[in-house]
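Visitor: I would like to go through this structure term by term. Please give the cut-off behind each label.

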Amino acid sequence: MGDAVRLTGVRKVYGKGSGAVAALAGVSAGFEQGTFTAVMGPSGSGKSTFLHCAAGLDKPTSGSVRLAGVELTELGEKHLTRLRRDKIGFIFQAFNLLPALTVAQNIALPLRLAGRKPDRATLTDVVRRVGLDNRLTHRPAQLSGGQQQRVAIARALVTRPAVIFADEPTGALDTRTAREVLDLLRQAVTTAGQTIVMVTHDPVAASFADRVIFLADGALVGELHHPTPEAVADRMTHLGAWAVA
Ligand SMILES: Nc1ncnc2c1ncn2[C@@H]1O[C@H](COP(=O)(O)OP(=O)(O)O)[C@@H](O)[C@H]1O
Ligand SMILES: [Mg+2]
């Protein structure tokens, strides 16, 4: 199978002249359909910039980003917005749910924004997969953090996007709840063939992925396949200068 998203020679420079910072210094990486990849690296290594460039939220200074067969760097803002809505799912540390909407309305929101009629079978399936069947009329404030993140996962899955990007999705959760959320992401890949790219600083979270890629100073400096928490932690210490958290 092909890559759901591929970055080639991506550079991102913030600022100008002597104040310029190369957040990404020419990064190339492909993410095959139906795979789960963790992105790790010290604070300031370029993880968020990488994710934002891959997801069309930020424009690279140079290089190419192809997502679902489309060159993102050539799209105007209007087309980018539509592509993000139709082809990409996002999961953030802070959940980012709409407080005035019910669980069911939050989950169906991407379909409504796309002008697609939420079909009941798709909604029921997604809701069942994340275990929210009996919470559909609740508001986000009535839910625990773990339940809120499950709403966010359902919302990301509902459009069957080409890629889901997650930035520290378990960063605000306790260990047990984080594990439930990671199990859900893993299942979305294994049983539904979803493609996920997840930034994390947690070796245990990374071990749920098929592969870990490591960034340092805006460059790719290594990768691990079939990662265990021990192997990830070991690689992190050898990369040095690692400010965890
Ligand atoms: N909007 C911005 N303006 C200027 N510099 C930025 C901006 N975003 C990130 N940077 C810089 O780019 C580098 C990488 O940042 P970031 O991608 O947020 O790293 P990480 O997510 O790994 O902590 C850092 O040196 C950071 O200060
Ligand atoms: Mg970051």
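Guide: Start with β3 and β8, which pair in the parallel sense over 4 bridges. Helices (H or I, at least four residues) and strands (E, at least two) are DSSP runs, numbered from the N terminus. The model is predicted: local features need pLDDT of at least 70, side-chain atom pairs count only at pLDDT 80 or more, and totals for chains, interfaces and linings use all residues. Residues are numbered from 1 along each chain as its sequence is written, chains are lettered from A and ligands numbered from 1 in the order in which they are written, and side-chain values use heavy atoms, with hydrogens and water left out.

Visitor: Why are β3 and β8 called a pair?

Guide: Two strands pair if DSSP finds at least two bridges between them. β3 and β8 have 4 bridges, so they qualify. In β8, Val-199 is the bridge partner of Val-39. β7 and β8 also pair in the parallel sense over 4 bridges, and Asp-167 stands opposite Val-199 in β8.

Visitor: What pairs with strand β3 (residues 36-40) over 4 bridges in the parallel sense, besides β8?

Guide: Strand β9 (residues 211-216) does. There, Val-39 stands opposite Ile-213.

Visitor: What makes β6 and β10 edge strands?

Guide: The open sheet has 6 strands in the order β6-β7-β8-β3-β9-β10, with mixed pairing. β6 (88-92) and β10 (219-225) each pair on one side only. Neighbouring strands of this sheet are turned by 20 degrees against each other on average, direction ignored.

Visitor: How do you know that both faces of strand β8 (residues 196-199) are covered?

Guide: Ile-196 and Met-198 on one side, and Val-197 and Val-199 on the other, are all buried. Buried means under 20% relative accessible area, exposed over 50%, and partly exposed in between (1.4 Å probe, protein chains only). In a regular strand the side chains alternate between the two faces of the sheet.

Visitor: Which helix packs on the sheet and touches β6 and β7?

Guide: Helix α5 (residues 145-157) touches β6 and β7 (163-167), and its direction makes about 170 degrees with that of β6. Contact means heavy atoms within 4.5 Å. Axes are lines fitted to C-alpha atoms, for helices over the stretch in contact, and angles run from 0 to 180 degrees between N-to-C directions. Helix α8 (residues 229-239) lies across β3, β9 and β10, at about 155 degrees to β10.

Visitor: Why is α3 called roughly parallel to α5?

Guide: Helix α3 (residues 103-113) packs against α5 at an angle of about 30 degrees, with the axes 7 Å apart. Angles under 35 degrees count as roughly parallel, over 145 as roughly antiparallel, 65 to 115 as roughly perpendicular and the rest as oblique. The label for α3 and α5 is therefore roughly parallel. In α3, Val-103, Asn-106, Ile-107 and Pro-110 meet Val-151, Ala-154 and Arg-155 in α5.

Visitor: Why does Thr-159 count as buried?

Guide: Thr-159, in the loop between α5 and β7, has 6% relative accessibility, so it counts as buried. Leaving aside neighbours within four places in sequence, its contacts are Arg-85, Asp-86, Pro-110, Leu-111 and Arg-116.

Visitor: What makes Gly-218 buried?

Guide: Gly-218 lies in the loop between β9 and β10. Its relative accessibility is 0%, so Gly-218 counts as buried. The C-alpha atoms of Gly-218 and Val-27 are separated by 7.6 Å, although the two are 191 residues apart along the chain. Leaving aside neighbours within four places in sequence, Gly-218 is in contact with Ala-23, Leu-24, Ala-25, Val-27 and Ser-45.
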